[in-house]
Amino acid sequence: MVSRRNFLIGGAALPFLSYLELADTAFAATPKDILVVAQQLDNMTSLDPHEGFEAVGGEMISNMYQKLVRANNDNPDQVVPVVAASWEADAESKVFTFKLADQTFSSGAAVTAEDVAFSLQRAIKMNKSPAFIINQFGFTADNVEARIVAKDAKTVTLTTEKPTSISFLLFCLSANIGAIVEKKVVMANAVNNDLGNAWLQKNSAGSGAFMLQAWKASESISLQLNPHGPYKGNLKRVIVRHVVDPSSQLLMLQKGDVDIARDLTSEQLRAAQNDKDITLIQKQIASLVLISLNQSNPNLAKPQVWKAVKWALDYEGMQKNIIPLSHVVHQSMEPSGFPGTVKDLPYKRDVEKAKALMAEAGLKDGFEITLDHYAAQPYPDLAQAIQANLGEIGIRVKLQSAENRQVLTKMRGRQHEMALSAWGTDYFDPNSNAEVFCINKDNSENAKNKPFAWRSSFKDDALAAKAEAARDEKDPAKRIALYEALQRDFMENSPFAVMFQTTKTAACRVGVEGFRLGVLSEGNTYLETKKA
Amino acid sequence: MKNRLKSFSAMLSSVILTLFGLTVLTFLIGRVMPVDPVIAAVGDNAPEDVILRVRAEMGLDQPIPVQFLHYLSQLLHGDFGMSVLTKNPVATDIARFFPATFELATAALLLATLVGIPLGVWAAVRQGSFTDQAIRVLCLAGHSVPVFMLSMISLLIFYSALGIAPGPGRQDIIYDGMIPTVTGLMSVDTLLAGDLDAFRDALAHMAQPVIILAYFSMAYIARMTRAFMIDALKGEYVITARAKGLSGLKVVWSHAFPTVAVQLITVLALTYAGLLEGAVVTETVFSWPGIGQYLTTSLMNADMNPVIGSTLLVGLIYVGLNLLADILYRLLDPRVQ
């Protein structure tokens, strides 16, 4: 006979027992042919390759589309042919002829010169955020059909407005804006003359390793194997799940519910380092942490103060104590992994030298200044260290913390005094950063172009001329040499103290091989990824 | 009849006024906050000509009153605008994200009510005893320990260490894309699809966030129930019932509880509204794609149409549940009638 008490205890335990049974059936290891990735997907706005301009979207796009050429992660001075088999420039360096290799779209149709010409024309005509990467060669909506032409099924010519360095052109074409879409499929889905933009934001029509199966914003992205594409491994699908919390990402990785965790912070990476079931893939990416000194402030406009700030900072101390796993000390305006990047580290903490420079500037007693910085870690910790460092040379820093976009909006309005922020490079060519940091033609409030230098009211015509000369140099070796000299000049004579370069880490389960991180997000690729 | 009509029209005007006020406030906050929504749409590195064009396309180059009138006219036509982030109409997004929160909130409220009310009654009946103290500590912990900490501890113990609960997310990866969306409620859709394994998987994934949210809500419900019940037990009608020789259970549940139940309607309505508002932290830790996560992601990216749309929805929920509580109050409490 069951007593009333036992009956009640049994009743109370019933939900728990049945939950155990539920949980038992809920578990299943990720299938061998599906790669599951935990990643923060919350700032992705479009999967149209001629529109998307954010890191995560860029990565997805580069796994679904091919370009004429792609950047070489192992040798940044070269590009790798993809849709293009070969290329040549005419004597004047204005007409560039590309012969195409045999590639196939996910629909099964061959990639033709017409598709290539259409894709590049489409990028120019739509004129979305990344279009400037190729319209800087003089292409406009009005002239692009005459200047980018399919000569025959396998030949495309590009005619630039001015004589152009072929390496500059190729590096720019390696960006996602140079992605090749299938004309027939895209135009079949065009509405209101949008060249298929609305459709391509959530669908794919490329010849890359994968094609888009589904994108559920803030939930997941599923990529499906392109049966006609270049992927040769054992994966049939890649499912990227939106997992915001890095701690949850680590737990899921440790339990085997995901194969790769993409957004672990230093805290989780310390734990992952000691886990024998996890391997870490690290790559220095094209994201720099720097201090900008606004030149509209009379104290910050003095070149001695620029140098004093650079000599006062304890780069190594901050890196070792605050950001040992996520950043490395880096002082050039070009990120490591780019063509011609200078890896010199001329500045290290020298308080006496910095004080002497302050005295030379007539600011022996220092001054007060506000430093705007991002609220997300590690910026508050870095800002406090900077405050302490600069305090030693008399610069009394008041910290102003705000959400990233708030700081950026303030900088774009030139309302900051000093700002600690990050800068991500747009495309794989030294001109990308050189242009925004060195070339500021019009420093007025209503300037047509407002590069990063403009935001801090920095205008140096000599530096700008050097940046333009490097950009236009046709001999690739000389071009690199000019950029190296420019970087050293910039380190010495600019109001920007570049401090660190970000290191990105992908934590993978043992058995996942071949996933590659690129210096730009579009170099993050599943093309060689396999799962044991 | 005339009085009822008057009261109904007053109620309706108050609802409309509240929603209008909410719209004005949210819209203005969105326009004066120190973040440029255009940058959110095109990225920080976009060239100036693209920024200017998109600003005009988004209507942000117009004076704020013109923008507001335009937005209001859109709203009156049932158009909440487009989300920059998801490239979907906000109404479509809300229809996708809200069911996930609704499912979580409803299950949590049911569990919290089923446990919280008996616990509160028990504590009141045994006022001052060890049982009362134990329940008080349990409730205090539920209300004072941060939800994110409870969520992480729960994941660490039940998912990571013991391995008896599934990890974050609404379903296991093997069901990805397998269940057609009909209601948006995973537990219902899996049943409609006739897939019992997927149904069990959905319930298993719900268990942890539901229990944590229910614990948090239960603590409040139990504390309020106890307080109401202690008052009720002092009532003369309860003493009379006891004097008549009725059993303790009958006195508590048949005589004292009905008066408590009326008061609890407001407590339950507000608890439910709070849960439906979106348990942002729980949704974040458990990767639950609900309205709370949608709202915060949009806010962080200065995507204002979804922020206004979601805020209006939350406002509507509060107003609706308050209205429901008022109506139920009138129906159940003869003094109000």
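**View 1. Strand β12 of chain A and its two partner strands.** In this predicted model, strand β12 (residues 278-293) of chain A runs antiparallel to strand β17 (residues 496-509) of chain A, and 12 bridges join them. Strands here are DSSP runs (E, at least two residues) and helices are DSSP runs too (H or I, at least four residues), numbered from the N terminus; two strands pair if DSSP finds at least two bridges between them. β12(A) also pairs with strand β16 (residues 418-424) of chain A, in the antiparallel sense and over 7 bridges.

A word on reading the labels and values: residues are numbered from 1 along each chain as its sequence is written, and chains are lettered from A and ligands numbered from 1 in the order in which they are written. This is a predicted model, in which local features need pLDDT of at least 70 and side-chain atom pairs count only at pLDDT 80 or more, while totals for chains, interfaces and linings use all residues.

View 2. The 4 strands follow the order β4-β5-β7-β6 (chain A), with antiparallel pairing. β4 (84-89) and β6 (148-152) of chain A are the edge strands; each has a single partner strand, so one side of each has no neighbour in the sheet. From one strand to the next, the twist averages 25°. Inside the sheet, strand β5 (residues 95-100) and strand β7 (residues 155-159) of chain A run antiparallel and are joined by 5 bridges. Look for A:F98, which stands opposite A:V156 in β7(A). Helix α3 (residues 113-126) of chain A lies across β5, β6 and β7 of chain A and runs at about 175° to β6(A). For such angles, axes are lines fitted to C-alpha atoms, for helices over the stretch in contact, and the values run from 0 to 180 degrees between N-to-C directions.

View 3. Chain A is divided into domain 1 (34-44 + 201-283 + 504-531), domain 2 (55-188) and domain 3 (285-502), with bounds that come from an automatic or database domain assignment. The centres of domain 1 and domain 2 of chain A, taken over C-alpha atoms, are separated by 27 Å. In this view, 27 residues of domain 1 of chain A are in contact with 28 residues of domain 2 of chain A; contact needs C-beta atoms, placed from the backbone, to lie within 7 Å. On the domain 1 side, the elements that give two or more residues are β8 (210-216) and β9 (220-225) of chain A. The largest share, 3 residues, comes from β8(A). That side divides into 11 nonpolar, 14 polar and 2 charged residues. Here Ala, Val, Leu, Ile, Met, Phe, Trp, Tyr, Cys and Pro count as nonpolar, Asp, Glu, Lys and Arg as charged, and the others, Gly among them, as polar.

**View 4. The two domains of chain B.** Chain B has 14 helices and 0 strands. Its domain assignment gives domain 1 (16-76) and domain 2 (90-332), and 35 Å separate their centres, taken over C-alpha atoms. Across the boundary, 10 residues of domain 1 of chain B are in contact with 11 residues of domain 2 of chain B. α1 (2-32) and α2 of chain B are the elements that give two or more residues to the domain 1 side, and α1(B) gives the most, with 7 residues. By class, this side has 6 nonpolar, 4 polar and no charged residues.

**View 5. The contact between chain B and chain A.** Here 48 residues from chain B meet 53 residues from chain A. Elements that give two or more residues to the chain B side are α2 (37-42), α3 (48-57), α7 (147-161), α9 (196-233), α12 (280-285) and α13 (291-300) of chain B. α9(B) gives the most, with 7 residues. The chain B side has 26 nonpolar, 13 polar and 9 charged residues. The model scores ipTM 0.80 and pTM 0.86.

How values were computed: Two residues are in contact if their C-beta atoms, placed from the backbone, lie within 7 Å.
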